[in-house]
Amino acid sequence: MSVRLDTQKPELYQTLLDNYDTWMFDCDGVLWHGDRLIDGAVEVLNILRSQKKHVLFVTNNATKSRPNYKKKFDGLGIEAHVDEIFGSAYAAAVYLSSVLKFPKDKKVYVIGMSGLEEELRSEGISFIGGTDPADNTLSPPGEIPPDPTVGAVLVGLDTSINYTKLSRAFRYVHSNPECAFLATNEDSTYPSDKGLLPGAGAVLAPLVTALGPDRPVTAIGKPSSLMLDAIKAKHNFDPERTIMVGDRLNTDIQFGKSGGLATLLVLTGITSEENITGPNPSTIVPDYVTATIGDLRSVKAN
């Protein structure tokens with residue numbers, strides 16, 4: 001059963017600060033909605049840093065590179081350093097370069113946006129597709145011959161998704177058993193300042209359906225352990241003294257639980273009260289629940 005935190009009992013929040021040295025935060029739905037900060041987010045992060053806590057940002061959003069994410073943090077007045085930011089685009093690029101040892105004579109076909117391309121480029125991975133104008137068309141696709149130089153297809157959120165991109169990705173994977181089929185993440189939706197919108201998982205779904213169970217996808221982002229491996233490669237932390245803060249049960253909270261981390265659910269994003277206490281509650285149970293990240297300011301008041 002989850003521990004329900006209450007600002008009327010600030011000692012509960014102080015216990016969290018005492019028990020955990022490393023704080024991992026999801027971003028969308030936890031710290032902000034689109035370009036709107038969630039009330040109290042900056043103050044809470046400043047409190048954590050003032051108490052010498054190790055702060056990391058772990059997001060499945062693959063539309064931005066780490067340097068561009070840094071610009072967003074700066075614009076919102078949040079202290080963040082590039083090496084503290086772990087996006088699924090960066091994790092996917094590291095997976096290709098460090099785990100798959102992606103050959104220099106191969107290239108990746110990308111369904112995704114410029115942030116994903118930037119992270120691939122930073123890891124020395126050649127790619128095609130993505131923002132290439134030739135693929136950003138509503139015209140029916142022409143002939144798509146097999147291309148043995150395409151060693152992987154990588155799918156992320158793409159707000160310009162079309163049938164040509166899906167067709168090319170399908171053909172490359174279907175025609176070549178050696179072609180890796182990867183996704184930055186499988187989030188079905190994501191919270192934005194325009195409301196809830198389809199996520200990378202929705203972009204990926206047609207390919208999963210078309211390729212069938214014989215060609216399963218490898219997803220890099222939360223809740224996959226591959227994301228935690230990418231963080232461990234760059235930062236030392238004790239899982240028993242680390243807490244993952246998120247708004248989504250099947251990604252953020254499952255990611256934390258699978259990695260042996262404590263978990264704190266906030267109710268400012270995807271997950272609602274009904275999802276955890278309603279007639280059909282989720283089987284994924286966070287260690288702690290609070291209404292919003294801003295509630296941790298009660299520590300300062302105390």
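This is a predicted model: local features need pLDDT of at least 70, side-chain atom pairs count only at pLDDT 80 or more; totals for chains, interfaces and linings use all residues.
Local features need pLDDT of at least 70 and side-chain atom pairs count only at pLDDT 80 or more, while totals for chains, interfaces and linings use all residues. Residues are numbered from 1 along each chain as its sequence is written, and side-chain values use heavy atoms, with hydrogens and water left out.

Colleague: How much space lies in the largest cavity?

Modeller: On a 1 Å grid over the protein atoms alone, a cavity is a set of points where a 1.4 Å probe fits but cannot get out. Points are joined across faces, edges and corners, and a volume is the space filled by probe spheres set on them. The structure holds 1 cavity of 30 Å³ or more, and the space in the largest cavity is about 200 Å³.

Colleague: Which element gives the largest share of the lining of the largest cavity?

Modeller: Helices (H or I, at least four residues) and strands (E, at least two) are DSSP runs, numbered from the N terminus. Two or more lining residues come from helix 9 (249-258) and likewise from strand 11 (189-192). The largest share, 3 residues, belongs to strand 11.

Colleague: What volume does the largest pocket have?

Modeller: A pocket is an open set with protein on both sides within 12 Å along at least five of seven lines. Its 18 lining residues include Gly 34, Asn 61, Lys 64, Lys 72 and Tyr 190, which lie nearest the centre. The volume of the largest pocket is about 230 Å³.

Conventions. On a 1 Å grid over the protein atoms alone, a cavity is a set of points where a 1.4 Å probe fits but cannot get out, and a pocket is an open set with protein on both sides within 12 Å along at least five of seven lines; lining residues have an atom within 4 Å of a point.
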